[in-house]
Amino acid sequence: MQYFVTSNAPTTHKTECVVVAVFEQGELSASASVLNQHANGYIQTIIDRGDISGKAGQTILLQDVANITSPRILLVGCGKKEATSENDFISAITASAKLLNDLGATEATTCLAEIDVKQRSAEWKARQIVISTETALYLYSATKEIKPAKHPLQKLGFFADDNAEQLELAIARGQAVATGMNLARELGNLPGNICTPTYLANQAIEIGQRFETVTTRIIDESEMEELGMGSFLSVSRGSREPAKLITLNYNGAGDDRPVVLVGKGLTFDTGGISLKPSQGMDEMKYDMCGSASVFGTISAIAQLNLPINVVGVVPSSENLPDGDANKPGDVVTSMAGKTIEILNTDAEGRLLLCDALTYSERFNPEIVIDIATLTGAIIVALGNHATGLMANNQDLADDLLKAGNDSFDRTWQLPLWDDYQQQLDSNFADIANVGGKEAGSVTAACFLSRFTEKFTWAHLDIAGTAWVSGKAKGATGRPVPLLVQYLLNRIESK
Ligand code: BES
Ligand code: MN
Ligand code: ZN
């Protein structure tokens with residue numbers, strides 16, 4: 001998709017379709033009202049007939065309206081005029097993108113960025129229009145035949161007043177985030193028999209080839225053995241697919257200390273000997289969405305050439321039951337030297353992450369953030385709306401909460417108090433890998449916290465936000481927007 005900015009007026013601009021907002025109770029947006037005047041009240045007449053109520057996401061297409069240059073006007077409902085929410089705004093963009101894609105038109109110009117959305121800036125709205133449009137038009141086709149649109153939307157324009165330059169920047173950022181999200185979605189949606197640890201490693205190599213600023217290194221099992229990653233390797237021992245520790249190094253700021261992003265890369269999680277129930281187990285192909293978000297974020301910041309250093313660290317494996325797999329009660333030794341009693345082989349993510357976190361120390365990180373589909377318990381706590389956040393530093397937690405609000409890819413903090421740590425006591429090792437049924441997301445983070453004492457660290461549990469189940473089953477691309485926003489805010493505050 002291409003985007004452009006015009007300083008023409010909606011009434012005289014030549015476009016195949018002009019998109020304008022209408023609201024509940026028949027109210028018109030500024031541009032809708034100007035078009036209405038030019039068209040001698042025609043738009044108001046249509047609305048007064050009651051064919052569109054203005055509810056967010058409703059649409060009505062007008063053709064060949066007298067005195068208007070464009071052959072089509074698309075009216076899109078945006079909810080209440082004084083109280084359009086971000087969700088209303090996104091529904092309106094999504095509905096118009098899908099409708100435009102199915103029209104004979106391949107080009108359109110949108111006025112949606114002019115409406116009030118909770119004090120959001122014009123740049124925020126433009127960026128969101130790009131992200132939500134690309135999200136709406138993403139189609140999975142790797143293993144399924146799809147009918148492409150006959151006249152797909154190829155060009156979308158924005159009307160600028162005196163802010164053309166800011167809009168161009170917002171569009172570029174939106175495109176980079178959307179491309180990163182769609183990469184993350186594609187990797188997430190690929191089945192476990194295609195998207196293996198080796199496949200992810202090859203993806204990382206491709207990203208390294210695409211950008212001069214990114215170098216990729218793949219560490220194989222024998223090297224992990226030398227590094228002493230006994231915890232990570234204990235999980236991969238049950239699988240025939242060789243495990244990979246993938247590192248992506250984005251260099252945009254000389255020798256500044258990097259932000260390290262550690263992404264859980266379980267390409268399939270059966271639970272191992274502590275086998276999961278079969279209902280919905282297919283969704284455990286999404287257990288690599290943390291790693292996919294690291295790839296998506298690094299490709300987005302490389303596309304934007306951001307002045308920052310970021311290292312992606314992705315431990316990738318399968319978790320399968322096997323004669324060689326971990327058994328409940330097994331004790332393994334992590335790279336940090338701590339012994340771990342594996343009381344549940346399904347708590348495998350933390351077994352990979354602890355060694356990847358220890359490995360991160362060698363990058364002398366300023367910040368470490370891990371991103372993981374770590375616990376079902378976070379879905380019980382927060383549902384599908386917020387990513388769970390826990391941190392050993394409140395400033396970092398505050399920065400991530402803010403980045404979540406800024407990007408509307410939100411997080412919610414849970415406590416990481418010492419009070420919970422005792423749930424991980426073991427009679428036979430330094431630490432147990434599970435902490436009982438209470439506060440499962442917190443004890444998972446407590447486990448990780450034992451391996452992050454040397455740096456400033458936050459944990460993002462994306463089990464509820466990385467994909468949706470049901471009829472619309474598919475990866476979401478979250479939390480790429482959150483992570484890119486966090487890095488942008490970091491650059492701006494320096
Ligand atoms: N990948 C799962 C977490 C998960 C479960 C994400 C369901 C999304 C939906 C993780 O490896 C896991 O199995 N966690 C266990 C931990 C438990 C054994 C302490 C869980 O949440 O049940
Ligand atoms: Mn598991
Ligand atoms: Zn898992």
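Helices and strands here are DSSP runs, numbered from the N terminus; a helix has at least four residues and a strand at least two. Please keep in mind that you are looking at a predicted model.

Rolling a probe the size of a water molecule over the atoms shows where empty space is left. Across the whole structure, a search turns up 3 cavities of 30 Å³ or more. The largest cavity holds about 70 Å³ of space. Which elements each supply at least two residues of its lining? They are H4, helix H12 (394–407) and helix H14 (480–492). Of these, H4 gives the largest share, with 4 residues. Domain 1 (2–158) and domain 2 (179–493) each contribute at least three residues to the lining of the largest cavity.

Now for the open spaces. The largest pocket contains about 1700 Å³ of space. Its lining is made up of 49 residues, and those nearest the centre are Thr94, Thr135, Ala136, Arg185 and Thr476. Several elements each supply at least two residues of this lining: helix H3 (86–102), helix H4 (122–137) and helix H5 (164–189), along with strand S19 (467–468) and strand S20 (474–475). In the largest pocket, the residues divide into 21 nonpolar, 16 polar and 12 charged. Both domain 1 (2–158) and domain 2 (179–493) provide at least three residues of the lining of this pocket.

The second largest pocket comes next, with a volume of about 800 Å³. It is lined by 32 residues, and Lys276, Asp346, Thr375, Gly376 and Ala377 are the closest to its centre. Two or more residues of this lining come from each of helix H10 (349–360), helix H11 (377–382) and helix H13 (440–449). The largest share belongs to H11, which gives 3 residues. By class, the lining of the second largest pocket has 11 nonpolar, 13 polar and 8 charged residues.

Some of those names return when you turn to ligand 1. How many residues surround ligand 1? There are 17, and the closest are Lys276, Asp287, Asp346, Glu348 and Gly376. Lys276, Asp346 and Gly376 are also among the residues closest to the centre of the second largest pocket. Some of the contacts can be followed atom by atom. A polar backbone atom of Gly376 sits 2.7 Å from an oxygen atom of ligand 1. For Asp269, a polar side-chain atom is 2.9 Å from an oxygen atom of the ligand. In the side chain of Lys264, an N or O atom is 3.2 Å from an oxygen atom of ligand 1. Taken alone, ligand 1 exposes 510 Å², and the protein buries 78% of that.

Another loop, between strand S3 (59–63) and strand S4 (72–77), contains Asp64. Phi of Asp64 is near 45°, a positive value in a residue other than glycine.

Technical notes:
Residues are numbered from 1 along each chain as its sequence is written. Chains are lettered from A and ligands numbered from 1 in the order in which they are written. This is a predicted model: local features need pLDDT of at least 70, side-chain atom pairs count only at pLDDT 80 or more; totals for chains, interfaces and linings use all residues. Side-chain values use heavy atoms; hydrogens and water are left out. On a 1 Å grid over the protein atoms alone, a cavity is a set of points where a 1.4 Å probe fits but cannot get out, and a pocket is an open set with protein on both sides within 12 Å along at least five of seven lines; lining residues have an atom within 4 Å of a point. Grid points are joined across faces, edges and corners, and a volume is the space filled by probe spheres set on the points. Ala, Val, Leu, Ile, Met, Phe, Trp, Tyr, Cys and Pro count as nonpolar, Asp, Glu, Lys and Arg as charged, and the others, Gly among them, as polar. Domain bounds come from an automatic or database domain assignment. A residue is near a molecule or strand if one of its heavy atoms lies within 4 Å of it. A polar contact is a pair of N or O atoms within 3.5 Å; within protein, one must be able to donate a hydrogen and the other to accept it, and residues adjacent in sequence count only if both atoms are side-chain atoms. Accessible areas come from the Shrake-Rupley method with a 1.4 Å probe; for residues, only the protein chains shown count as cover.
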